[in-house]
Amino acid sequence: MANFEIPDDLLYTPEDEWARGDGDRFHVGITDYAQQQLGDIVFVDLPEVGSEVTQGQVFGVIESVKAVSDLYAPVSGQVVEVNEELADRPELVNEDCYGDGWIIVIDTRGEDPSDSLLDAAAYLKHVDERSE
Amino acid sequence: MSAGKRTPLYEAHRRLGGRLVEFAGFDLPVQYTSIVEEHRAVRERAGLFDVSHMGQIRLSGPAAIGAAERLLSRPMADLRCGRVRYALLCNEAGGVVDDVTAYRVAEDAILLCVNASNIEKDYRWIVRHAPAGAEVRNESDETALLALQGPASPEILAPLAGEGVAGLRRYAFARLPVGGRPALVSRTGYTGADGFELYLAAGDAPAVWEALLEAGRPLGCLPAGLGARDTLRLEAALPLYGHELDDTTSPLEAGLDRFVALDRDFIGAAAIARRRAAGHERALAGFELLERGVARAEHLVAVGGRTVGRVTSGAPSPTLGRSIGLAYLPPALATPGTRLEVLVRGRALAAHVVETPFVRGVAPKSARTG
């Protein structure tokens with residue numbers, strides 16, 4: 001069985017995104033489980049800076065050699081930053097999904113989303129239920 | 001859990017951590033480590049593929065060569081023993097039943113290697129058109145097939161198979177022992193690279209697989225899965241049945257003119273000639289995206305906002321670092337330099353037609369058309 005890294009200090013969605021909050025600013029990416037499932041990432045379709053996203057709705061697309069996967073916003077708010085590095089180096093998502101492979105930053109403007117997100121233990125359970 | 005058919009190497013794939021997917025009814029690895037890693041291994045060193053899902057159909061007997069001549073788009077009578085030829089099985093409407101490689105294994109016998117998805121269909125088709133005096137045998141279940149592909153292939157195989165390897169020319173084959181097991185070894189492949197395909201008795205496959213991996217390891221050979229097989233063949237612009245070829249498509253539309261000899265009688269020849277005389281409405285072209293993104297099968301192709309065709313295969317090319325693909329276009333547009341748009345998720349991605357193959361110079365200089 002494969003090994004999946006699930007940092008304790010992050011929050012998660014059932015669609016395999018993670019969120020790291022710093023005040024109102026939430027860095028968002030996909031989890032280690034997700035990047036392993038996808039394989040070699042070749043393209044990330046990012047939203048425009050300034051656009052609005054809604055929790056649970058698609059904000060972008062991530063593509064691997066074989067697969068196309070929607071990206072779901074873990075929190076609602078405004079996209080204030082996108083990871084421009086991913087244009088030239090989409091493989092950062094495979095190499096460092098919780099660090100340099102972050103995808104966007106969302107400003108939640110004061111809303112606290114943590115009640116509607118999974119903690120690490122709950123996400124681990126969710127992954128176990130789905131993996132072989 | 002998948003419940004498809006298994007090749008003799010199923011356990012080996014599990015042990016290697018292969019990610020199994022269902023393909024043509026078989027459980028096979030799409031990758032072991034990474035599609036890009038495995039692809040690069042083949043381009044730079046070597047990769048080993050289990051392609052035992054493919055089918056083998058043997059025609060033998062006094063009428064076998066005649067039957068093959070009738071069924072295939074190229075002559076078979078002049079195919080010498082020990083040589084291989086790529087050809088099409090066509091239907092009466094001039095469409096493609098399958099694309100196959102034909103091995104002259106004896107004066108009165110031809111072994112066809114066919115696509116896994118078409119084994120039953122091809123077998124029934126051949127039986128239907130084979131006269132008495134041509135025995136048709138489906139040997140798929142008893143035959144395993146490995147493909148060792150990449151520039152290091154001869155160096156890896158030679159210690160295991162002996163002197164016969166070095167002199168084996170492209171599109172030739174020989175019966176050689178590999179790791180002590182009897183094999184039919186051909187200098188062929190589906191990657192655009194130098195390499196070999198090894199036909200084995202199913203029971204011998206695991207031992208030969210292990211022997212090749214062990215021999216290849218110090219030279220950087222990796223086990224490679226279906227994902228890399230597809231990106232490699234796409235870089236070489238080789239057609240895949242069900243994508244570039246199907247039973248309504250003339251081989252000439254797919255650019256396979258070299259493999260269709262219309263100056264002879266075979267099933268489909270008249271229709272292919274008629275359709276050519278009438279003018280084809282589409283031609284297969286290779287394209288590259290000019291901006292970031294990935295074109296894939298079924299994406300529409302447009303020129304100036306007007307839909308003109310459809311992508312049949314598309315993927316990011318690990319060698320080129322760009323997205324490439326094949327598409328059917330109106331013949332007038334199928335010329336290198338034509339600017340296109342590929343419609344991906346509602347956006348028009350800029351592209352242009354390019355010469356194929358996309359990646360050149362990967363086959364040995366002695367390669368002739370097989």
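Modeller: Two residues are in contact if their C-beta atoms, placed from the backbone, lie within 7 Å. Helices (H or I, at least four residues) and strands (E, at least two) are DSSP runs, numbered from the N terminus. Axes are lines fitted to C-alpha atoms, for helices over the stretch in contact, and angles run from 0 to 180 degrees between N-to-C directions.

Modeller: This is a predicted model, where local features need pLDDT of at least 70 and side-chain atom pairs count only at pLDDT 80 or more, while totals for chains, interfaces and linings use all residues. Residues are numbered from 1 along each chain as its sequence is written, and chains are lettered from A and ligands numbered from 1 in the order in which they are written.

Colleague: At about what angle to β4(B) does helix α4 of chain B run?

Modeller: Helix α4 covers residues 119-129 of chain B. The helix lies across β4, β5, β6, β7 and β8 of that chain. Its angle to β4(B) is about 10°.

Colleague: In what order do the five strands of that open sheet in chain B come?

Modeller: Strands pair if DSSP finds at least two bridges between them, and here the pairing is antiparallel. The edge strands, each pairing on one side only, are β5 (84-90) and β8 (135-138) of chain B, and the twist averages 30° from one strand to the next. The order is β5-β6-β7-β4-β8.

Colleague: Over how many bridges do β4 and β7 of chain B pair?

Modeller: β4 spans residues 55-60 and β7 spans residues 109-114, and they pair in the antiparallel sense. In this pair, B:G55 stands opposite B:V114. The number of bridges is six.

Colleague: Let's turn to chain A. Which strands are the edge strands of its open sheet of three?

Modeller: The sheet has the order β4-β6-β7, with antiparallel pairing. Four bridges join β4 to β6, with A:V44 opposite A:I62 and A:I41 partnered with A:S64. Five bridges link β6(A) and β7(A). The strands that pair on one side only are β4 and β7 of chain A.

Colleague: Why is α2(B) oblique to α7(B)?

Modeller: The axes of the two helices come within 8 Å and cross at roughly 55°. Angles under 35 degrees count as roughly parallel, over 145 as roughly antiparallel, 65 to 115 as roughly perpendicular and the rest as oblique. The crossing angle of roughly 55° therefore makes α2(B), relative to α7(B), oblique.

Colleague: How many Å separate the centres of domain 1 and domain 2 of chain B?

Modeller: Domain bounds come from an automatic or database domain assignment, which gives domain 1 (10-51 + 142-235) and domain 2 (281-354). The contact takes eight residues from domain 1 and six residues from domain 2. Taken over C-alpha atoms, the separation of their centres is 31 Å.

Colleague: How many residues does chain B give to the contact with chain A?

Modeller: Chain A gives nine residues. On the chain B side, the elements giving two or more residues are β2 (26-31), α2 (35-44), α7 (226-235) and β16 (306-317). The total from chain B is 13 residues.
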